[in-house]
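Q: Please take me through this model one feature at a time. I would like the general idea and then the case at hand.

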Amino acid sequence: MQVHRCRFTDYVPQAVNAIEYAPATAHRPYLAVGRANGDIETIPGIANGSLETLAWAHQTELTGDDLELFDTEKERETAKRRLVERAPRLFSAGLNAVIVEWDL
């Protein structure tokens, strides 16, 4: 007979302050959840919607300054394709006026 030992921790649930879905241009759908204690959870496989102080950013177009860096249309298209292939970036902001980019 096998004996299994189980231990439980005191789980203190935290309120959800912010929810943000990854943009439609993301290769994999994600949901980011900001908790009252400052934790951020990312949940893969969930798409569509948006609320509060978390934000996904995914640059898919070249800016005017970017366009000046490339001589040919082919170079611009290659640069644009690279932008789209990059993963979106997750930002959070709080009442302390600090904006944080999360490295996922």
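Q: How many bridges join strand β1 to strand β2?

A: Two strands pair if DSSP finds at least two bridges between them; strands (E, at least two residues) and helices (H or I, at least four) are DSSP runs numbered from the N terminus. Here β1 (residues 16-21) and β2 (residues 30-35) run antiparallel and are joined by 5 bridges. Glu20 has Ala32 in β2 as its bridge partner.

This is a predicted model, in which local features need pLDDT of at least 70 and side-chain atom pairs count only at pLDDT 80 or more, while totals for chains, interfaces and linings use all residues. Residues are numbered from 1 along each chain as its sequence is written, and side-chain values use heavy atoms, with hydrogens and water left out.

Q: Which residue in β3 is the bridge partner of Ala32?

A: Ala32 is bridged to Thr42 in β3. Strand β3 (residues 40-44) runs antiparallel to β2, and 5 bridges join the two. Their hairpin has 4 residues between the strands, and Gly38 takes a positive phi near 100° there.

Q: Is Pro13 buried or exposed?

A: Buried means under 20% relative accessible area, exposed over 50%, and partly exposed in between (1.4 Å probe, protein chains only). Pro13, in the segment before β1, has a relative accessible area of 57%, so Pro13 is exposed. The C-alpha atoms of Pro13 and Ala36 are separated by 9.5 Å, with the two residues 23 apart along the chain.

Q: Where is His58 found, and is His58 buried or exposed?

A: His58 is in the loop between β4 (54-57) and α1 (64-67). His58 counts as buried because its relative accessible area is 15%.

Q: What does the side chain of His58 reach?

A: A polar contact is a pair of N or O atoms within 3.5 Å; within protein, one must be able to donate a hydrogen and the other to accept it, and residues adjacent in sequence count only if both atoms are side-chain atoms. The His58 side chain reaches the backbone oxygen of Arg86 at 2.8 Å. Contact in general means heavy atoms within 4.5 Å. Leaving aside neighbours within four places in sequence, the residues in contact with His58 include Pro23, Thr25, Leu83 and Pro88.
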